[in-house]
Amino acid sequence: MAAVESGIFSGGTARGLTLELVRVTEQAAIAAARLRGQGKEKEADQAAVDAMRAELGRLPIAGTVVIGEGERDEAPMLYIGESLGTGEGPEVDIAVDPLEGTTLCAKDMPGAIAVMAIAEKGSLLAAPDVYMQKIAIGPGYPPGTVDLDASPAENITALAKAKGVKPSQITAIILDRPRHIDLIAAVRATGAGIRLISDGDIAAIIHCTKPDETGVDIYMGSGAAPEGVIAAGALRCIGGQMQGRLILDSADKRARAAKMGITDPNKKYEMHDMARGDVIVAATGVTDGALLAGVRFRPGRLETETVVYRSNTGTVRRIASEHRLRDEVEG
């Protein structure tokens, strides 16, 4: 039996909007991929931003960016508080990462994606562009199996017990950063394995949902808050557990957070605190990766692969698209 569609994105509105979101992330991915491997991180990021902004401006929504970048200078990034869409249609929250993995794209390394999420107004955590502590696992475990306030050893041991394996059979995925030296040592002390990644923690968190395919059981560490909220939205759609805490380690960051309505700088956010209601997440590959294939440039056309998640229906759609290049076809 098909899942019942409800919420503000009910019926045909949701289906139409899903396809529109695919176009948004496709165009951002294509724009970034044109600079793939050229060592131009800022230029690739800006190309993705410009393409995403242009496509979002055409959507029949009254959207507000609640998770993005540049809320302090309001340009040229998709800044927090920016209004997008035609203004006609449902009021929605928007979370964006036009190019997750700018370094990956610049070096043509695996895993760069263009990704965004939308949800009913007031459903996504509105937070400044800061770092966030995160922990995430996939579906099928008892609630509270892992906890952000537990030690790495406690979390690895608890997850191994819930999975029915030894800690040495658990693999954690962690961003390879100097700030994670102690975390990495603590995880390895349990006997667990670690997959270190240079970038891309949205995809890393999603990998935890299919450990039999990806070999990854748990995400641990800190990364950007926008990616955390988008990842929470994806987990809402495909299952799993996640917690996050904003790292507000300066007076400026705490003031920015307070301005956005965050009264407790130490609050531990559950997955449903970060992404509530009906959430749709779309991601398109820029470079080849375990989650998605990258943009393929062919004579007269190009090809993209996109994955779309929706929480209310629990659906995951993979969309392979072929884009004809009119100038080349006609000229």
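# Close-up views of a predicted model

**View A. Cys-237 is buried, with a relative accessible area of 7%.** Buried stands for under 20% relative accessible area, exposed for over 50%, and partly exposed for the range in between (1.4 Å probe, protein chains only). The model is predicted: local features need pLDDT of at least 70, side-chain atom pairs count only at pLDDT 80 or more, and totals for chains, interfaces and linings use all residues. Residues are numbered from 1 along each chain as its sequence is written, and side-chain values use heavy atoms, with hydrogens and water left out. Cys-208 is buried too, at a relative accessible area of 1%. The closest cysteine sulfur to that of Cys-237 belongs to Cys-208, 16 Å away, so the two are too far apart for a bond. The disulfide count is zero, a disulfide being a pair of cysteine sulfur atoms within 2.5 Å.

**View B. Six strands form an open, mixed sheet in the order β7-β6-β8-β5-β9-β10.** The edges are β7 (193–197) and β10, each pairing on one side only. Strands (E, at least two residues) and helices (H or I, at least four) are DSSP runs, numbered from the N terminus. Two strands pair if DSSP finds at least two bridges between them. Strand β5 (residues 131–137) pairs with β8 (residues 218–224) in the antiparallel sense, over seven bridges. Within that pairing, Met-132 has Gly-223 of β8 as its bridge partner.

**View C. Strand β9 (residues 241–246) has six of its six residues buried.** In a regular strand, side chains alternate between the two faces of the sheet. Here both faces are covered: Gln-241, Gln-243 and Arg-245 are buried on one side, and Met-242, Gly-244 and Leu-246 on the other. β9 pairs with β5 in the antiparallel sense over six bridges. Gly-244 is the bridge partner of Lys-134. β9 also pairs with β10 (residues 269–270), again antiparallel, over two bridges. There, Gln-243 stands opposite Glu-270.

**View D. Helix α4 (residues 152–163) buries Asn-155, Ile-156, Leu-159 and Ala-160.** These residues cover an arc of only 130 degrees around the axis, which puts them on the same side of α4. The arc is taken over the directions from the helix axis to the C-beta atoms. The twelve residues of α4 should span 16 Å at 1.5 Å a residue, and its end C-alpha atoms are 16 Å apart, in agreement. Expected span is 1.5 Å times one less than the number of residues.

**View E. Helix α5 (residues 181–189) has Leu-183, Ile-184 and Val-187 as its buried residues.** They fall within an arc of 100 degrees seen down the axis of α5, so they line one face of the helix. The face turned away from this buried side carries the exposed residues Ile-181, Asp-182 and Ala-189.

**View F. Arg-179 lies over the face of Tyr-131, 4.6 Å from the ring centre.** A charge sits over a ring if NZ of Lys or CZ of Arg is within 6 Å of the ring centre and within 35 degrees of the ring normal.

**View G. Asp-108 has a positive phi of about 55 degrees, although it is not a glycine.** Most residues other than glycine have a negative phi. Asp-108 is found in the loop between α3 (102–106) and β4 (113–120). Asp-108 is partly exposed, with a relative accessible area of 45%.
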